[in-house]
Amino acid sequence: MSKYKPSLLIKREWAMDLLELKAIYKSGVNIIDYLVCRGVGRTDAIAISYDLQAGTYTALADENSTYIDEYTSEIAETLNTLGAGTESIMEAGVGEATTLANVRRQLRFEPDSFGFDISLSRALFGQKYFNRKGRGSSSLFVGDMFSIPLADDSVDIVYTSHSIEPNGGREEDALSELYRVARKYLILYEPSYEMATNEGRQRMDHLGYVRGLPQVADKLGMNVSDYRLTKVCSNSLNPTAMLLIEKNKRASGNRNVEYRCPNNGERLQLSHGCYWSESSLRIYPVVLGIPLLTPQHGIIATHYAEFI
């Protein structure tokens, strides 16, 4: 048990707590459950847990290359079917890019590839993995799924791979934000609560997983054109379903993907190795090539313009 109050886990007084949490994680404890039980908000608990897990997904992908190839081949085939005129794709909640890199390698078209994750450590591992296993180039950044630092209709195809999964209760928020930045299609590869076994549903309830995604999409007025279980699934208690949402499949023409300030949505300028928002008077750092673009990463810099 930490000697600090639970609330300090999500403030600046993290140094000792993170060392303790790293040891607790290595002992096999579910960190999200551990933190939530101690009063930490679920979003913060997920972010801390993901960062502590960084590196494990690339290791698992290398150990299970046959499964990864089969799973990403199914996703790639869907994207190839929809891909005519597609200039950009993005995986939301990209993790360590084990899905994005292998999907990109199997595409029959050459889109600009983007991905974001809440964890810098995972994005760094993802950048390294993509360079080793992917094709072409990718632009990875740190971002919050509920405040994506992109303009409306930015990316032709936005997809997820079990990244909405732990956000039960926030289904509408997640779908609304993902749909906002998608231009042509939003494709969700997420667990299906409705098509799971009773044992699977009990597990999902315990872990706080999402449910009812097709119903949420219908409620929000989205055009659901397909919903079915995938052929490939790593865990029968957590069956993956593909939810295909059409937004404007006939959209055409070039459109550059530009970063926007996550605090006010205005365009960011690249300035001296960081991103600058003149309208919100904040700068956003870039670490080892990864832009940090969550609202919390904005550094107040009211006089920055005087020095550039």
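Start by selecting Glu 190, Pro 191, Ser 192, Leu 213 and Tyr 227: of the 14 residues that line the largest cavity, these lie nearest its centre. This is a predicted model, where local features need pLDDT of at least 70, side-chain atom pairs count only at pLDDT 80 or more, and totals for chains, interfaces and linings use all residues. Residues are numbered from 1 along each chain as its sequence is written, and side-chain values use heavy atoms, with hydrogens and water left out.

A cavity here is a set of points, on a 1 Å grid over the protein atoms alone, where a 1.4 Å probe fits but cannot get out; lining residues have an atom within 4 Å of a point. The volume, about 60 Å³ for this one, is the space filled by probe spheres set on the points, which are joined across faces, edges and corners.

Now colour strands E5 (182-191) and E7 (240-246), which each supply at least two lining residues of the largest cavity. Strands are DSSP runs of E, at least two residues, and helices are runs of H or I, at least four, numbered from the N terminus.

Next stop: the largest pocket, with a volume of about 1300 Å³. Select Tyr 50, Tyr 57, Arg 122, His 162 and Glu 165, the closest to its centre among 50 lining residues. A pocket is an open set with protein on both sides within 12 Å along at least five of seven lines.

Then show helix H3 (42-53); H3 gives the most to the pocket lining, six residues. Strand E2 (112-117) and helix H9 (198-207) are among the other elements that each supply at least two.
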